[in-house]
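Subject: Structure for your files

Hello,

The structure we discussed is below. My notes on what was found in it follow.

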Amino acid sequence: MKVARGPGPGLTAAAPGVIAVKGPVTFDTAGTLLADGRALFAGVPAATVSLGGISSVDSAGLALLLEWLRLARSEGRSLAFEHIPEKLLAIARLSGVESLLTEGYRSPESGSSSPGL
């Protein structure tokens, strides 16, 4: 399943349990990506979000990932991030939440050591 709107940001179910983000993740796109993410995460017990396709990111991108983590926790879903851009890690580090991105969230029910498995 692909959720994309032209040349801008997009989310793609790249593999079972893996969602790829591409394009800009900024104040202008975070709301759309949040809604699209909810559709892709629905019914998925564990997911890994691949961030290697991000072309630009700002603090709204960090807020988006933190909201995805909050939703995962509230829905009992494991969630991890891979290929996190250095700029996003720097924003997270300055905000004191880097470990939330690098460690993700593991649902007690998942029983898996890796959210993507």
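**Helix H2**

In H2, the buried residues are Ala60, Gly61, Leu62, Leu64, Leu65, Trp68, Leu69, Leu71 and Ala72. Buried means under 20% relative accessible area, exposed over 50% and partly exposed in between, with a 1.4 Å probe and protein chains only. An α-helix has 3.6 residues a turn, so residues three or four places apart point the same way.

This is a predicted model, in which local features need pLDDT of at least 70 and side-chain atom pairs count only at pLDDT 80 or more, while totals for chains, interfaces and linings use all residues. Residues are numbered from 1 along each chain as its sequence is written, and side-chain values use heavy atoms, with hydrogens and water left out.

H2 covers residues 59-75, and its 17 residues should span 24 Å at 1.5 Å a residue; the end C-alpha atoms are 24 Å apart, which agrees. The expected span is 1.5 Å times one less than the number of residues. At the start of H2, a side-chain oxygen of Asp58 comes to within 2.9 Å of the backbone nitrogen of Ala60. Just after H2, Gly76 has a positive phi of about 70°.

**H2 against H3**

The axes of H2 and helix H3 (residues 86-95) come within 9 Å and cross at roughly 75°. That makes H2 roughly perpendicular to H3 (65 to 115 degrees counts as such). From H2, Ser59, Gly61, Leu62 and Leu65 meet Leu88, Ile91, Ala92 and Ser95 of H3, where contact means heavy atoms within 4.5 Å. The residues of this contact divide into five nonpolar, three polar and no charged. Ala, Val, Leu, Ile, Met, Phe, Trp, Tyr, Cys and Pro count as nonpolar, Asp, Glu, Lys and Arg as charged, and the others, Gly among them, as polar.

**Two loop residues**

Thr29 is in the loop between strand S3 (18-25) and helix H1 (30-41). Its relative accessibility is 9%, so Thr29 counts as buried. A polar atom of the Thr29 side chain lies 2.9 Å from the backbone oxygen of Pro24. Leaving out residues up to four places away in sequence, Thr29 touches Pro9 and Pro24.

Gly43 sits in the loop between H1 and strand S4 (46-57). Gly43 is exposed, with a relative accessible area of 79%.

**Whole protein**

The protein has four helices and five strands; helices (H or I, at least four residues) and strands (E, at least two) are DSSP runs, numbered from the N terminus. Buried residues make up 44% of the 117 residues.

Regards

Methods
A polar contact is a pair of N or O atoms within 3.5 Å; within protein, one must be able to donate a hydrogen and the other to accept it, and residues adjacent in sequence count only if both atoms are side-chain atoms. Axes are lines fitted to C-alpha atoms, for helices over the stretch in contact, and angles run from 0 to 180 degrees between N-to-C directions. Angles under 35 degrees count as roughly parallel, over 145 as roughly antiparallel, 65 to 115 as roughly perpendicular and the rest as oblique.
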